[in-house]
Amino acid sequence: MEALAGRFHLAVLSNGTPAMLRDLLEASGLAPYFRHVLSADAVGVYKPSPRVYRLALDAFRLPVEAIGFVTANAWDALGAAAFGFKVFWVNRAGQPEEAWEPPPHRVVRGLEALLEP
């Protein structure tokens with residue numbers, strides 16, 4: 001996480017509540033690495049609603065094509081790709097890839113691969 005945070009601006013974008021996310025990040029020691037903690041609670045719907053993914057655009061004040069979205073959930077990868085994010089699907093279990101449209105930008109086995117060109 002330190003290497004990722006040193007190279008990218010990180011955020012959590014989750015269907016979890018703000019209190020739950022804060023507690024999880026604090027308990028895991030990961031809180032210092034994240035610039036933003038964004039909850040679907042802010043818009044009153046859950047991912048894969050585009051309104052949730054838009055929270056990242058508003059937080060970072062960047063266009064959709066400038067944001068890389070990392071997830072281990074195939075359904076979340078599909079929703080984020082449909083929204084327009086550059087998606088990195090962390091497929092640790094080696095699940096079969098589905099015929100997504102648009103497909104993920106990259107499929108990786110672990111977070112360390114995100115540091116590779």
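Let's start with Glu116, which is partly exposed, with a relative accessible area of 46%. This is a predicted model, so every value here is computed from it. Glu116 forms a salt bridge with Arg106, and the closest N and O atoms are 4.0 Å apart. The two residues sit in distant parts of the chain: Arg106 belongs to strand E5 (residues 106–108), while Glu116 is in the segment after E5, 10 residues apart.

How accessible is Arg106? Its relative accessibility is 22%. Buried means under 20%, so Arg106 counts as partly exposed.

## A buried pair

How many salt bridges are there? The count comes to 2. Besides the pair above, Lys47 forms a salt bridge with Asp76, with the closest N and O atoms 2.7 Å apart. This pair also links distant parts of the chain: look for Lys47 in the loop between E2 and H3, and for Asp76 in helix H4, 29 residues apart. Are Lys47 and Asp76 buried or exposed? Both of them are buried.

## Helix H3 and what covers it

Now find helix H3, which runs over residues 50–60. Its buried residues are Val52, Tyr53, Leu55, Ala56, Leu57 and Phe60. Here's a handy bit of background: an α-helix has 3.6 residues a turn, so residues three or four places apart point the same way.

## Asn91 in its loop

Next, go to the loop between strand E4 (86–90) and E5, where you'll find Asn91. Asn91 has a relative accessible area of 5%, and since buried means under 20%, Asn91 is buried.

What does Asn91 meet there? A polar atom of its side chain lies 3.1 Å from the backbone nitrogen of Gly94. Leaving aside neighbours within four places in sequence, Asn91 is in contact with Val107, Val108 and Arg109.

## Arg22 on helix H2

One last stop: Arg22, in helix H2 (residues 18–28). At 47% relative accessibility, Arg22 is partly exposed. Arg22 and Val37 are 15 residues apart in sequence, and their C-alpha atoms are 7.8 Å apart in space.

Conventions: Residues numbered from 1 in each chain as written. Predicted model: local features only at pLDDT ≥ 70, side-chain atom pairs only at ≥ 80, totals over all residues. Heavy atoms only, no water. Buried < 20%, exposed > 50% of the residue type's maximum accessible area, 1.4 Å probe, protein only. Helix = DSSP H or I, 4+ residues; strand = E, 2+ residues; numbered from the N terminus. Salt bridge = Lys/Arg side-chain N within 4 Å of Asp/Glu carboxyl O. Polar contact = N/O pair within 3.5 Å; in protein donor to acceptor, adjacent residues only side chain to side chain. Contact = heavy atoms within 4.5 Å.
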